[in-house]
Amino acid sequence: MLKELVGKWKVIGCQLNTQWLPYSIFQEFRYSFNQDDTFKLAWSELSYPQFVGGFPKSKTGKVVIHEREGNAPQKMDLIPDEGPFAGKELQGIFELDHDVLKAIFSFPGTVRPTVFNTSQQQVYEIWQRVSE
């Protein structure tokens, strides 16, 4: 795990399948990234069923950070242990700017994103670090 990612993050923006979602859908989501390459998404069970909000519902999901390749965006994969994609890899890219993290993930079976703009079967989230 990158030490700069370890900690708690709140979702402050979310685009799903090219559409920005209303704040009320994701306002309580809190990600935690841990030293042991795991993550947790708190409050994801409150997401609306018709949206794939909270898609990586997980208490002990795995995080895989890939080596940076040249000037390409950094790659990150989430592998949730629960929810609709349990055990499946959500391939993504991310960019960290101090206490703001933007990440975009493709649903399983979809090609990894290469830019920070969603297409179908992708979710783009903007996170802000929160204190313990």
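Is Gln121 buried, partly exposed or exposed? Gln121 is partly exposed, at a relative accessible area of 37%. Buried here means under 20% relative accessible area, exposed over 50%, and partly exposed in between, with a 1.4 Å probe and protein chains only. The model is predicted: local features need pLDDT of at least 70, side-chain atom pairs count only at pLDDT 80 or more, and totals for chains, interfaces and linings use all residues. Residues are numbered from 1 along each chain as its sequence is written, and side-chain values use heavy atoms, with hydrogens and water left out.

Gln121 lies in the loop between E8 and E9. Helices (H or I, at least four residues) and strands (E, at least two) are DSSP runs, numbered from the N terminus. Phi of Gln121 is positive, about 70°, although the residue is not a glycine. His98 also has a positive phi, near 60°, and is a residue other than glycine. His98 belongs to the loop between E7 and E8. His98 counts as exposed, because its relative accessibility is 68%.

The structure contains 3 aromatic pairs. Trp20 and Tyr124 form a tilted pair, 5.8 Å centre to centre, with 55° between the planes. Distant parts of the chain are linked by this pair: Trp20 is in strand E2 (residues 19-20), Tyr124 is in strand E9 (residues 122-130), and the two are 104 residues apart. Tyr124 counts as buried because its relative accessibility is 9%. A second tilted pair joins Phe85 and Phe107, at 5.4 Å centre to centre and 35° between the planes. This pair, too, links distant parts of the chain, 22 residues apart. Phe85 is in the loop between strand E6 (74-79) and strand E7 (90-97), and Phe107 is in the loop between strand E8 (100-106) and E9. Both Phe85 and Phe107 are buried. Rings of Phe, Tyr and Trp (its six-membered ring) pair if their centres lie within 6.5 Å; planes under 30 degrees apart count as stacked, over 60 as edge-to-face and the rest as tilted.

Trp20, Phe116 and Tyr124 make up one aromatic cluster. Over the ring of Phe116 sits the charged end of Lys102, 4.5 Å from the ring centre. The criterion is NZ of Lys or CZ of Arg within 6 Å of the ring centre and within 35 degrees of the ring normal.

Thr118 is located in the loop between E8 and E9. Thr118 is buried, since its relative accessible area is 8%. Its side chain makes a polar contact of 2.9 Å with the side chain of Gln15. The side chain of Thr118 also reaches the backbone nitrogen of Thr18, at 2.9 Å. A polar contact is a pair of N or O atoms within 3.5 Å; within protein, one must be able to donate a hydrogen and the other to accept it, and residues adjacent in sequence count only if both atoms are side-chain atoms. Neighbours within four places in sequence aside, Thr118 is in contact (heavy atoms within 4.5 Å) with Gln15, Asn17, Thr18, Ile104, Val123 and Tyr124.

Arg112 is placed in the loop between E8 and E9. Arg112 is buried, at a relative accessible area of 16%. The side chains of Arg112 and Asp77 are joined by a polar contact of 2.7 Å. A polar atom of the Arg112 side chain lies 2.8 Å from the backbone oxygen of Gly92. Residues up to four places away in sequence not counted, Arg112 touches His66, Lys75, Met76, Asp77, Gln91, Gly92, Ile93 and Ser106.
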